[in-house]
Structure formats: C-alpha cells, structure tokens
Amino acid sequence: MKAAVLLEIKNLIKSFPGITALNNVDLEIREGEVHGVIGENGAGKSTLCNIITGIYQPTKGDIYWEGKKVTFKSPKEALNAGIRMVYQERNLVPSLTGAQNIYLGNEITKKGRIDEKEIMSRVRKLQASLGIDVKVDVPVSKLATAERQLIEIMRALSQKPKLLILDEPTSSIAEKDVQVLFQVIKKIKDEGTSVIFISHKMEEIFSITDRISIFRDGQKVYTGDSSELSEELVIKHMINRDLSQRYPTVIPHAKGKLLETVDLGDGRLLHDINITVKAGEVVGFYGLVGSGRTELAELLFGLTSKKKGAIKLNGEELETLSPSLAIKNGVLLTPEDRKEHGLFDFFDIKKNATIPYVKEKLGGFMGAIKAKEEKTLAQEIAEKLGLVYKNLKQSVTELSGGNKQKIVIGKWLVNENMKLIIMDEPTQGIDVGTKFEIYILIRDLAKMGVGVIFISSELPELLGVCDRLYVFKEGTVVTDLPREKFDREKVLRYAL
Amino acid sequence: MVSKLVETPKESKSARPIELLMSYGVLLIGILLFVYFSARQPMFYTSSNILTILRQASVIGLISLAMMTTVIIGDFDISVTVNANFCAIVIILLIMNNVNLYLALLIGMLCSILVSFFNCFAVVTIGLPSFVATIAVKFFLEGVCRGLTGGQQVYPDVFPDGFHTFGRGMIADVIPVQVVIFLVSTAILAYLIQYTRHGRYITALGESPETSFHVGINIKKIRFIAYLISGILIGLAGIITASMYSVASVGTTDGYATPILIATFLGASFLRGDQLPLPNPKGTALSAVILAILANGFTMLGVPFYSKQIIQGGVLVFTVIAVSILMNRRRAIEATTNSKA
C-alpha cells in the first residue's frame with residue numbers, strides 16, 4: 001500500500017549564469033515519510049531546497065504539491081502551503097526571545113497588539129509535546145548554538161507543517177542528544193508530516209529515514225528504501241567511485257613537545273588543564289557541548305585570556321596572547337562558525353584565500369597587492385584543496401558549505417611559519433568525500449611536522465584520524481588516550 | 001529531555017557594571033547635568049527655562065525619531081533635517097498664497113512623506129545604499145529650498161488663526177503643544193515597535209534581514225512602513241518649525257543636524273541591559289532632551305558659542321566609540337559563551 005504523494009518534482013532544471021545547478025531532477029516525497037537526501041558538496045541539495053521553499057524558481061520543470069501543479073514565487077507562498085525549513089546556518093533575530101522567534105511572522109494578535117501571553121502559552125505546550133527543554137523567555141543571543149537550533153526547529157513545527165526540511169540538523173547538536181531530535185521526527189511522522197532530512201552522517205540517515213535519495217553533480221542518481229541500501233552503496237552513488245577507506249592510514253610522525261599547558265584556567269569554565277601536543281601529532285578534543293573544548297581552543301589562540309597557569313610553546317612561556325601574536329608564533333585557529341568567523345562575505349574566493357599573506361607574499365610597492373602573485377597563490381591553494389568553484393572572482397557566499405570550509409582551513413596551509421593548527425569542527429556539515437580529503441590534509445600536516453588539535457563532536461572521525469585523544473568534561477580534561485587505547489565506549493563513559 | 005544539551009557556564013549572565021551604567025547612564029547623565037546647571041545658574045531652574053528646553057528638544061526629538069526609524073531597519077536617512085525644513089518652507093509659502101491653514105499643513109506633511117518615500121524607492125527599487133541616496137536627496141532638497149525662498153527669509157504678512165498653536169501654543173496653559181506632540185509621538189512609536197506585528201518586523205529586518213526573508217516577512221512593505229513613519233514625524237517637525245519661527249528660510253534646521261545624529265545613537269543603549277545596543281524610541285527621545293539641556297545650560301553659563309559645537313562633536317564621537325566598544329564586547333562574549341563546547 002503506497003502512501004499518497006505530497007510533493008512531486010519532475011524534470012527540474014535550474015541554471016544560473018555559467019552553471020547548471022540542477023539537471024533534470026525527479027523527486028517524490030510521500031505523506032508521512034522521512035526522506036533522506038545525501039550528496040557531496042555542490043551536488044544540488046541546497047538549490048533544490050531553495051526551489052521547494054520559494055527562494056528560487058525553476059528554470060524548467062514542474063512541481064506538484066498535493067497533486068496540483070504549483071510555482072512558489074516567494075518564501076511566503078511556500079510557507080502558506082505548509083512547507084517549512086530549518087537551515088544549516090542560523091536564522092534568528094538576536095534580541096527577540098525564543099518564543100518571539102518561534103512565532104516570528106505568525107504572531108497572534110489581540111486588538112492589534114501582539115499577544116505575548118498567548119504566544120508563550122502555545123510555545124510551552126509545543127515544548128511539552130515535543131519534549132524539548134530550552135529557555136524560551138530569554139533573548140536568543142544568550143543561547144548556545146545547539147539551543148538556537150532547537151528554537152528554529154520549534155519555529156518550523158509551530159505551524160504544523162505538511163513538509164519539514166531539515167538541512168544538516170545534527171551538525172551542532174552533540175551525539176547523545178540527536179536522539180531527542182529523532183524522537184521529535186518520529187512523532188511528527190506519525191502525525192502525517194513528511195520530512196526531508198539532509199545529512200552527511202550515514203548512521204543517522206540510515207536510522208531515521210524511510211527512503212534515501214542520492215544526489216550527484218546536480219542530478220538525483222538513486223532513490224531507494226533505507227532498509228535496502230548500504231553505506232557502501234550510498235557512497236558509491238555519491239561519488240561514483242569506491243571508497244573502501246573512510247579514514248587515511250595513520251602513520252605516527254610525533255617528534256618533540258610543541259605545546260604544553262600547566263594548570264591552565266580562564267576563571268570561568270576552564271580549570272586545571274594540563275595538555276601537551278607534539279610536533280607532527282594529531283591530538284583530538286572530544287566532549288559534550290559546553291565541556292570546554294572550544295573555550296580552550298580560543299584561549300590557546302588568544303581570543304580570551306588566561307587567569308591561572310601557563311601556556312608554553314616550544315618550551316617558552318607565553319605571557320599574554322592575542323590572535324595576531326598567536327599567528328606570529330605560528331599558532332592558527334580555524335573557527336567553528338565559518339559563516340561569521342571564517343570568511344569575508346564581500347570578498348571573492350581569490351581574496352579570501354590569500355588574505356593571510358597579503359603582507360608577506362603579496363606586498364608590492366607601497367603596500368599594493370601584486371595581482372599576478374595573488375592569483376597564482378589562490379590557484380595553488382584552491383588546487384591543493386580540491387575546491388569546487390567557477391572562477392576565482394566568484395563570491396564565497398555562492399560556494400557550498402563544504403567548499404567554504406575548505407577555504408577557511410586551506411588559506412592557512414601555505415603558511416610556512418605554522419607550528420600548531422587548531423581546527424574546530426573542520427568537517428561539520430561536509431559530505432563524506434570531502435571529509436576524507438580533509439582527513440588527508442590533516443595527516444599531511446602532521447607529516448610536515450605541524451601539530452594539530454582536532455576538535456570534533458563526531459567521535460568516529462576522531463578515533464579514525466588522531467594519534468591521541470583528550471576527553472573533556474565540565475571544563476577540564478578527564479582522560480588522555482593514546483591511539484592504541486582508543487575505545488568508543490570508554491570515551492563516551494568519560495565524557496558523560 | 002535535552003537537559004544535558006548545554007552545560008551552562010558556572011557564572012551567571014547578569015549584567016556587568018558597565019552595561020548597567022550604559023543602560024541607565026543616559027538617564028543619569030541627564031539628571032546630573034540638570035542638577036549641575038541648576039546649581040551654577042539659578043535661572044536655569046525656572047519653569048520658563050525648562051519649557052524652553054523642552055520646546056527645543058521637541059523638534060530635534062521628532063526628527064531624531066525619524067532618523068532612528070530608518071536606522072533600526074538598517075538604513076540611514078541623512079536627509080531628514082533638510083526634509084523637515086522643506087516641509088516648513090512649503091507650509092509658509094502656501095499660507096502666503098492664501099491656502100487654507102490645515103490644507104497647507106497637510107500638503108507640507110505630504111511633501112515630507114513623498115521625499116521619504118523617494119528615499120525608500122531609491123533603496124528598495126534602485127538598490128542604492130541608503131546613505132548615498134539620502135545624501136544626494138539632501139543636496140537636491142537644499143537646492144529646492146533655496147529656489148523656493150530665493151535665499152531670503154520669507155514670511156506672510158498675516159498669519160491665519162491657529163497657525164501659531166503648534167509652535168507657540170500651550171495646552172492647559174502648562175505644557176507647550178509641541179512637547180505634547182513630541183512625547184505622544186515617542187509613546188506611540190515605542191508602542192508600535194514593541195507591541196505590534198509590523199513594529200516587530202521592523203526590528204527583525206534591521207537585526208537579521210536573512211531571517212526576515214526566510215520567515216516570509218514582506219521586506220519591501222516593512223521598509224515602506226518605516227519610511228512612512230519617518231516621513232510623518234518629519235512632517236510634524238516641519239509643522240512645528242514653521243509655526244515656531246514663522247519664516248521660511250534655508251538653513252533653519254541646520255543647527256539640529258549634529259544633535260539629531262547624536263540622539264539617534266546615544267539612546268541605543270538605554271534600557272537594553274546587557275544586550276546589544278539598538279536604537280530605540282525612548283532612548284532617542286531622552287537623548288534629545290539631554291542634548292537640549294546641554295545646549296541650554298551652556299548658553300545660560302555664557303559659554304562661548306563655538307564651545308557648543310566642540311562639546312556636541314565630542315559627545316558624538318564618544319557615543320559612537322562607546323556604542324561600538326559595547327557592541328564588540330557583547331559580540332565577543334556571546335561568541336565564546338555560545339560556542340558549542
């Protein structure tokens with residue numbers, strides 16, 4: 001017995017100047033199904049969603065909603081039809097509370113005035129029915145990334161959508177709490193809501209979805225029941241080649257002690273931190289959200305200041321640190337929030353990639369930037385990273401998430417002075433194929449003699465790529481595991 | 001339950017001293033200045049002087065509120081001062097041509113609204129940055145004003161009944177009409193922004209245009225509403241100016257330009273606690289009053305005429321720097337405490 005079809009897309013083509021983002025895509029979403037969508041960077045997933053939600057219009061092709069042919073000419077039209085989406089990057093108004101953000105655009109009014117009480121009462125009911133425990137009465141600017149995402153999910157669900165699209169929903173939620181989201185998804189599925197679940201995480205896709213559609217290079221190449229698909233098959237369709245190895249071979253390159261912290265504390269969350277990183281070593285940081293990994297990274301890079309203890313680089317103690325001092329000392333950080341902290345929206349690829357080198361390598365007469373050298377350097381970096389782009393003058397905002405991340409990381413790679421690089425969630429929201437490329441990059445860095453601190457919430461990748469692992473809990477390090485002792489359950493026990 | 005989702009930092013996020021200072025600081029400064037001037041110069045603390053202060057604050061306040069409205073949505077309308085003068089000139093000229101008083105006032109306000117709409121059109125449809133578009137409009141309007149008045153001070157021989165109410169009249173013999181208009185406008189604007197849907201969308205648009213787009217807010221419509229409000233406030237200011245000065249002249253409102261700039265931003269931290277400063281009606285209105293107190297006080301103390309400009313300039317620089325520092329601090333704090341780990 002086949003369920004009714006909610007959304008049907010036929011022969012969809014979407015072109016932009018110079019690029020065909022979607023090439024003859026067929027897709028069918030049934031009522032009450034959780035439909036997984038997976039594909040590499042640039043495969044067309046975001047473009048597809050932008051069309052379904054009314055941000056773009058198709059160049060050619062038809063969309064049928066509940067059996068009727070439609071064109072959504074604006075987000076409002078898609079919203080009215082009952083389609084809601086939670087994006088990869090946050091969409092919230094910082095000074096409004098969680099409840100106000102949840103009802104943004106759909107405020108309940110009484111005699112022309114917004115009825116905050118009624119809104120709050122409905123939000124509380126929604127919270128209770130979904131089992132989500134998040135502060136909804138404070139401005140969202142005060143909430144952590146994971147909490148903000150929950151607010152957005154609640155916003156999407158507050159209007160009882162017929163179709164909910166989730167774009168990398170678990171990218172900023174810790175592994176343990178993915179289950180809560182899944183419970184929510186199961187619940188709304190039982191109520192007849194359809195879900196499009198876009199993710200790169202195989203485990204999740206297989207555990208929550210009914211069917212999976214695989215995209216590659218602007219086309220949908222396969223749709224099948226999740227129960228009949230296997231990870232290898234999915235990867236094969238995604239990248240059209242066999243990926244027998246998920247992680248590169250780990251060859252130890254550790255040499256002398258590079259970084260050492262002694263009883264380090266920041267007077268807030270972090271305390272009694274004693275870690276070491278050797279040159280040529282890849283050290284992982286794992287822990288729950290809020291356990292102190294990113295705080296320590298920012299402390300080591302000089303974004304915040306220490307209150308107690310010492311940081312030693314190559315035996316020398318560093319008194320005060322600032323990001324520019326850190327960089328001078330060869331310590332680099334690639335931030336977690338690549339949208340806000342990693343890239344310059346208004347600069348093109350070329351400028352973004354070469355910006356760390358403007359002074360040293362590209363400085364010409366009176367500080368003018370040497371254009372030819374800039375272009376060569378950018379090409380070199382782009383090639384090293386396997387960047388997928390149209391041309392160097394393209395705006396970085398047009399790139400897919402994975403490619404953006406490549407630039408965020410990649411721009412530092414040509415820095416000969418680099419001694420220690422701290423990567424905060426470098427593979428967040430990136431597909432399997434690109435992830436592998438980044439793992440190779442990380443091991444290559446180690447081979448070059450650079451020390452790498454690899455912060456991640458995906459335990460499998462840490463276990464696959466690192467030489468050693470520090471587990472964080474409540475602001476300090478609770479255990480230090482060498483590769484021989486890597487054990488998934490053990491780590492989880494320490495972290496929780 | 002997601003109780004273990006985020007281990008909240010041990011320290012509570014209560015407002016730090018500097019934020020409290022900025023939050024109520026504007027009010028404190030006002031009170032301090034008032035007390036200071038009263039102590040130095042007894043004439044300051046007379047009811048007639050206080051009324052003068054409030055009168056001066058009213059026009060500046062109304063135009064500041066107009067500019068503030070465009071700043072909230074993320075634009076910047078620098079033509080507001082000249083627009084108000086333009087309205088005043090139109091009114092006087094119409095009266096000189098024996099147009100009915102209320103019709104003249106209405107047409108004057110419509111002119112201001114039209115200019116405001118044109119600014120909006122330039123931003124929305126042509127796509128110019130608001131600062132650039134409104135500077136161009138400002139120059140254009142100055143030229144128009146010059147043309148209309150011939151560079152002279154123009155005034156009618158006879159004023160219709162009721163003309164002087166707005167600028168010089170009193171309600172219940174106690175409060176000047178313009179002050180009432182100013183205060184009521186502030187209250188209405190504050191209410192609109194905080195408690196109505198469109199007001200909320202104005203805030204949302206300014207803080208996060210992307211979010212507004214994704215939740216289906218009609219951004220063009222909200223922009224027009226903001227510029228409409230701005231135009232109405234400018235029209236009111238123009239009416240009061242015409243009524244106060246009784247002459248149409250180029251440059252009547254020029255002296256207000258700096259205080260208006262200051263007031264728009266100085267009030268941004270008012271009552272915001274430890275949040276990001278954001279221009280708001282009450283803060284802007286209060287700042288306008290404080291600036292009027294400052295200007296009046298200096299005159300009372302016989303301070304040299306150029307000092308006023310220096311002081312105002314200093315206050316403007318201080319405000320901009322202070323607000324910037326606060327916003328950066330706030331962003332840095334949020335960035336680290338809100339990161340995943």
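This note goes through a predicted model point by point, from domains and sheet to single residues.

1. Domain 1 of chain A puts 14 residues into the contact, and domain 2 of chain A puts in 11 residues. On the domain 1 side, helix H8 (residues 231-239) of chain A gives the most, with three residues. The residues on that side of domain 1 divide into six nonpolar, five polar and three charged.

2. **The six-stranded sheet.** Chain A has an open sheet of six strands with mixed pairing. The order is E18-E19-E20-E15-E21-E22. Strand E18 (331-334) and strand E22 (476-482) of chain A are the edges, and each pairs on one side only. Neighbouring strands are turned by 20 degrees against each other on average, direction ignored.

3. Strand E21 (residues 468-473) of chain A runs antiparallel to E22(A), and six bridges join them. Two pairs can be checked directly. A:Phe472 has A:Val477 as its bridge partner in E22(A). A:Tyr470 stands opposite A:Asp480 in E22(A). Two residues lie between the strands of this hairpin, and A:Glu474 takes a positive phi near 50 degrees there.

4. **Helices on the sheet.** Helix H9 (residues 293-301) of chain A lies across strand E15 (282-287), E18, strand E19 (420-424), strand E20 (451-455) and E21 of chain A. H9 runs at about 145 degrees to E19(A). Helix H15 (residues 432-447) of chain A also packs on the sheet, touching E15, E19 and E20 of chain A. The direction of H15 makes about 150 degrees with that of E20(A).

5. **A:Leu462.** This residue sits in helix H16 (residues 459-465) of chain A. Is A:Leu462 buried or exposed? A:Leu462 counts as buried because 23 C-beta neighbours lie inside 10 Å, and the cut-off for buried is 20 or more. Leaving aside neighbours within four places in sequence, the contacts of A:Leu462 are A:Gly284, A:Tyr286, A:Phe454, A:Ser456 and A:Leu469. A:Tyr247 is 215 residues away from A:Leu462 in sequence, yet the C-alpha to C-alpha distance is 9.9 Å.

6. **Helix H1.** Helix H1 (residues 45-52) of chain A is mostly covered, with seven of its eight residues buried. The buried residues are A:Lys45, A:Ser46, A:Thr47, A:Leu48, A:Cys49, A:Ile51 and A:Ile52. Just after H1(A), A:Gly54 takes a positive phi of about 85 degrees.

7. Two residues deserve a look. A:Asn24 has a positive phi near 60 degrees and is not a glycine. A:Asn24 is found in strand E2 (residues 19-30) of chain A. A:Asn24 counts as partly exposed because 14 C-beta neighbours lie inside 10 Å. A:Glu425 is not a glycine either, and its phi is positive at about 55 degrees. A:Glu425 is in the loop between E19 and H15 of chain A. A:Glu425 is buried, with 25 other C-beta atoms within 10 Å.

8. **The largest nonpolar core.** This core has 221 residues. Those with the most contacts inside it are A:Val452, A:Phe454, B:Ile63 and B:Ile91. Domain 1 (5-239) and domain 2 (257-330 + 415-495) of chain A both give residues to the core, so the core lies between them. A:Phe454 is also one of the contacts of A:Leu462. Not counting residues up to four places away in sequence, B:Ile91 touches B:Ala104, B:Leu105, B:Gly108, B:Gly238, B:Ile239 and B:Ala242.

9. **Chain B overall.** The secondary structure of chain B comes to 13 helices and two strands. Of the 341 residues in chain B, 46% are buried. Among contacts in chain B with a separation of 6 or more, 77% join residues 24 or more positions apart.

Note on methods:
Residues numbered from 1 in each chain as written. Chains lettered and ligands numbered in written order. Predicted model: local features only at pLDDT ≥ 70, side-chain atom pairs only at ≥ 80, totals over all residues. Pairing = 2+ DSSP bridges. Helix = DSSP H or I, 4+ residues; strand = E, 2+ residues; numbered from the N terminus. Axes fitted to C-alpha atoms, helices over the stretch in contact; angles between N-to-C directions. Contact = placed C-beta atoms within 7 Å. Buried ≥ 20, exposed ≤ 12 C-beta atoms within 10 Å, placed from the backbone. Nonpolar A, V, L, I, M, F, W, Y, C, P; charged D, E, K, R; others polar. Core = buried A, V, L, I, M, F, W, Y, C linked by C-beta atoms within 7 Å. Domains from an automatic or database assignment.
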